[in-house]
Amino acid sequence: MSNQTLSRRSFSKILAAGAAYSALQPRSEVRASWRLNSANVVRLSSNENPYGPSPAALKAMTDGFSLAWRYPDEYADMLAEELARLHDVPVNQILLGDGSGEILKLCAAAFTSREKKLVIANPTFEAIARHASVANADVVKIDLTSVYSHVLKKMLAAAGDAGLVYICNPNNPTASITSKSELSDFLAKLSPNTTVLVDEAYHHYVESKDYESVIPLVKQYPNLIVARTFSKIYGMAGLRCGYCVTQSGNMGRIRHHQIFDSVNIMALVAALASLKDLEQVARGRKLNTEVKKSVCAELDTLGYHYIPSHANFMMIDLRREVRPVLDTLRSRGVEVGRLFPAMPNFMRVTIGTGAEMKQFLSAFKEVMVNPVTV
């Protein structure tokens, strides 16, 4: 075949065979087959869901190949309607995005500028700060409390001439939460002229009674935007599908910066199927909690402190500079999170499967009990 022209029909047959083979493989085998040149690498760096999408989502995507020739408008409308029912809001208060990452970028474009600054925690998910910088907006960073929650009083004081306040809850990279009472009080005191974006990407993993989604408060606060994603508990990080809930008055300003049809048909059908699989969230949360507890128990035995985690990742205090440890773990086939300058001695680790975390702990012990090698 190398010396022949590959016909369109032959190419189609190869694609079909590949898709059929992938569909028949267990999810673990599919994931492994696509880890290019990294079959033995445990990837715990991006807070992905190691268990993958719902079986219903996988089937929906397989069936969705027949829809690839259509623009996704109808299915985008269907997903928006389903999300509106889920959150008990009008459908015109739902905006879909190419992951919640697009929602963050749109909000930075719509609500920050040279005259309108962004107020964020330090550390937090840094993407929105980069987006605001593109608009030449000042970025004001407020350090977290000693228990790693947002200092909302200081953020409120800094928000006087801000265009946007960003609150990631649970927070990335600390996996910590800010209580529902603090958030409610903050929203009540914030000027209606300042928009607040609450990022709830890790919402489904939280089991604490001190936490609560603020989506129900959208009805009360016209300046509130809440972002969600299908990347985490729904295991769709590679598909890119997210959304926000906000009053219709904000929609025009946000949509002005969005391209048409930014969410593809595969992501849409997978998201629809995921919402109908009522076990996906409970199953993912249960597995994450079980594995996380076992990792915490091992770290307790080793004498390492960690921030109590309310998400699918955790921050471990190494009591030393983290960067050399990241490199050494990578050389042992374990990839963990990047360096966070505000917390130079902490290492962020995604909670993988039981087997993946066993490999992580083995490498961690090797590295941390032998400082000479780091």
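Trainee: How close do the axes of helix H12 and helix H13 come, and at what angle do they cross?

Mentor: Two packed helices are described by the angle between their axes and the distance between the axes. The axes of H12 (residues 323–331) and H13 (residues 354–368) come within 10 Å and cross at roughly 125°. Helices (H or I, at least four residues) and strands (E, at least two) are DSSP runs, numbered from the N terminus. Axes are lines fitted to C-alpha atoms, for helices over the stretch in contact, and angles run from 0 to 180 degrees between N-to-C directions. H12 and H13 are therefore oblique to each other; angles under 35 degrees count as roughly parallel, over 145 as roughly antiparallel, 65 to 115 as roughly perpendicular and the rest as oblique.

Trainee: Before we go on, what should I know about the model itself?

Mentor: This is a predicted model, in which local features need pLDDT of at least 70 and side-chain atom pairs count only at pLDDT 80 or more, while totals for chains, interfaces and linings use all residues. Residues are numbered from 1 along each chain as its sequence is written, and side-chain values use heavy atoms, with hydrogens and water left out.

Trainee: Thanks! Is the crossing of H12 and H13 left-handed or right-handed, and which residues make the contact?

Mentor: The crossing is right-handed. A crossing is left-handed if the near helix is turned anticlockwise from the far one by less than a right angle, and right-handed if clockwise. H12 contributes Val325, Thr328 and Leu329, and H13 contributes Phe360, Ala363, Phe364, Val367 and Met368; contact means heavy atoms within 4.5 Å. These residues divide into 7 nonpolar, 1 polar and no charged. Here Ala, Val, Leu, Ile, Met, Phe, Trp, Tyr, Cys and Pro count as nonpolar, Asp, Glu, Lys and Arg as charged, and the others, Gly among them, as polar.

Trainee: How do H5 and H9 cross?

Mentor: The axes of H5 (residues 100–111) and H9 come within 8 Å, crossing at roughly 95°, so the two helices are roughly perpendicular to each other. Leu106, Cys107, Ala110 and Phe111 of H5 meet Asn250, Arg253 and Ile254 of H9. By class, that contact has 5 nonpolar, 1 polar and 1 charged residues.

Trainee: And what is the arrangement of H4 and H10?

Mentor: With axes that come within 9 Å and cross at roughly 30°, H4 and H10 are therefore roughly parallel to each other. H4 passes H10 in a left-handed crossing. Residues of this contact include Tyr75, Met78 and Leu79 of H4 and Ile265, Leu268 and Leu272 of H10. The contact divides into 12 nonpolar, no polar and 2 charged residues.

Trainee: Now the sheet: in what order do its strands lie?

Mentor: Strands of a sheet pair through backbone hydrogen bonds, either parallel or antiparallel. In this model, 7 strands form an open sheet in the order E2-E8-E7-E6-E5-E3-E4, with mixed pairing; two strands pair if DSSP finds at least two bridges between them. E2 (94–97) and E4 (139–143) stand at the edges with a single partner strand each, so one side of each lacks a neighbour in the sheet. The twist averages 20° from one strand to the next. E2 and E8 (residues 242–246) run antiparallel, joined by 4 bridges, and Gly97 stands opposite Gly242 in E8.

Trainee: Which strands does H9 touch?

Mentor: H9 (residues 248–255) packs on the sheet, touching E2, E7 and E8, and its direction makes about 25° with that of E2.
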